[in-house]
Amino acid sequence: MSVNLDIRLKRANKVYHEGETVAGIIVLVSKDALQHHGIFLSMEGLVNLQLSSKSVGVFEAFYNSVKPIQLISNNIEVAKAGKVPAGKTEIPFEFPLSTKGNKVLYETYHGVFVNIQYTLRCDLKRPLLAKDLSKSCEFIVHCQPQKAKVFPTPVNFTMTPDTLQNARDRSSPPKFLIKGHLDATNCVISQPLTGELVVDNSDVPIKSIELQLVRVETCGCAEGYARDATEIQNIQIAEGDVCHGLSIPIYMVFPRLFTCPTLETTNFKVEFEVNVVIVLHDDHLITENFPLKLCRV
């Protein structure tokens, strides 16, 4: 006997804010009448923290601080034990998206060592020999936009052999001069990161110019922190030995789910940085790093 269970939300984009109502329908499709011991719906919001392999075993205290943090947990009984008729049955539901106590709903974020996820789960309990059915569905939470206006702070940069900090071979770095600016480092998450870059001169031909977005995730507690930086995306903004003196636009859209407004709590932090990377033909890498502060307005 084939039975299909599905959760459909009313909003196509599945984006909700704290204080709103998550509404939708549970859809049951069955060829025959279906006996059940109750249909239950639960909503859960969790922060999952994970330690990178380099941090495991370093701090004993970490193991307590990386337990999943529960942000929201609600359960309702959608239907009491009984029978569902053959065919398609739709059961509407509504869930208030609010926390108990002084907990805060953080924005949905899919990272490597920090994961903030909100899910709806429907369980249909069935008689002894039949297998229980369950279906999960993720929905997205956006934090409330901040009231204060964001004033862009442009950042100018100049890359020369003298500005290199972690050069392995200081004896004879190739000569180069690269200038540019980012229009802002305190960015609105729904708007692109913009700026421009000009190669004034370079002794060694340039192979590629790239823009790398990096997430910096910190997990831990008072005893110590594990800080890990990983790449989210890498965009090539120029290929080959570009014309000197020509302004090259910098343009990057922040990917949904993989970025969120910069977040700092007692147990974890999520921050973002952008690297402007110049790859030379002899495979030397010249990198300029800019910390970013993301917010939602």
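The briefing below goes from the whole chain to its sheets and then to its ring pairs.

This is a predicted model, in which local features need pLDDT of at least 70 and side-chain atom pairs count only at pLDDT 80 or more, while totals for chains, interfaces and linings use all residues. Residues are numbered from 1 along each chain as its sequence is written, and side-chain values use heavy atoms, with hydrogens and water left out. The chain contains one helix and 21 strands; these are DSSP runs numbered from the N terminus, helices being H or I of at least four residues and strands E of at least two.

**Whole chain**

- The radius of gyration, taken over C-alpha atoms, is 25 Å, whereas a compact globule of 297 residues would have a value near 19 Å by the rule of 2.2 Å times the number of residues to the power 0.38.
- Along the principal axes, the C-alpha atoms fill a box of roughly 80 × 45 × 40 Å.
- Of the 297 residues, 45% count as buried, that is, under 20% relative accessible area with a 1.4 Å probe and protein chains only.
- The chain exposes about 15,900 Å², of which carbon and sulfur atoms supply 51%; the areas come from the Shrake-Rupley method with a 1.4 Å probe.
- Among contacts (heavy atoms within 4.5 Å) between residues at least 6 apart in sequence, 72% join residues at least 24 apart.

**Open sheet 1-3-8**

- Three strands make up this open sheet, with antiparallel pairing; two strands pair if DSSP finds at least two bridges between them.
- Strand 1 (3–9) and strand 8 (87–96) are at the edges with a single partner strand each, so one side of each has no neighbour in the sheet.
- Neighbouring strands are turned by 20° against each other on average, direction ignored; axes are lines fitted to C-alpha atoms, and angles run from 0 to 180 degrees between N-to-C directions.
- Seven antiparallel bridges join strand 1 to strand 3 (residues 21–30), and Arg8 stands opposite Ile25 in strand 3.

**Open sheet 12-13-15-18**

- This open sheet has four strands in antiparallel pairing.
- Its edges are strand 12 (155–159) and strand 18 (247–252), each with a single partner strand, so one side of each is left without a neighbour in the sheet.
- The twist from one strand to the next averages 20°.
- Strand 15 (residues 193–202) pairs with strand 18 in the antiparallel sense over six bridges, and Ile248 in strand 18 is the bridge partner of Leu197.

**Pairings of strand 21**

- Strand 21 (residues 285–295) pairs with strand 14 (residues 186–188) in the parallel sense over three bridges, with Cys187 opposite Leu294.
- Strand 20 (residues 268–280) and strand 21 pair in the antiparallel sense over eight bridges, with Val276 opposite Glu288.
- The hairpin of strand 20 and strand 21 has four residues between the strands, and Asp283 takes a positive phi near 65° in this hairpin.

**Aromatic rings**

- The whole structure holds five aromatic pairs, counted for rings of Phe, Tyr and Trp (its six-membered ring) with centres within 6.5 Å; planes under 30 degrees apart count as stacked, over 60 as edge-to-face and the rest as tilted.
- The ring centres of Tyr16 and Phe139 lie 6.0 Å apart with planes at 85°, so this pair is edge-to-face.
- Tyr16 in strand 2 (residues 15–16) and Phe139 in strand 11 (residues 133–141) are 123 residues apart, so the pair links distant parts of the chain.

Terms used: Buried means under 20% relative accessible area, exposed over 50%, partly exposed in between (1.4 Å probe, protein chains only).
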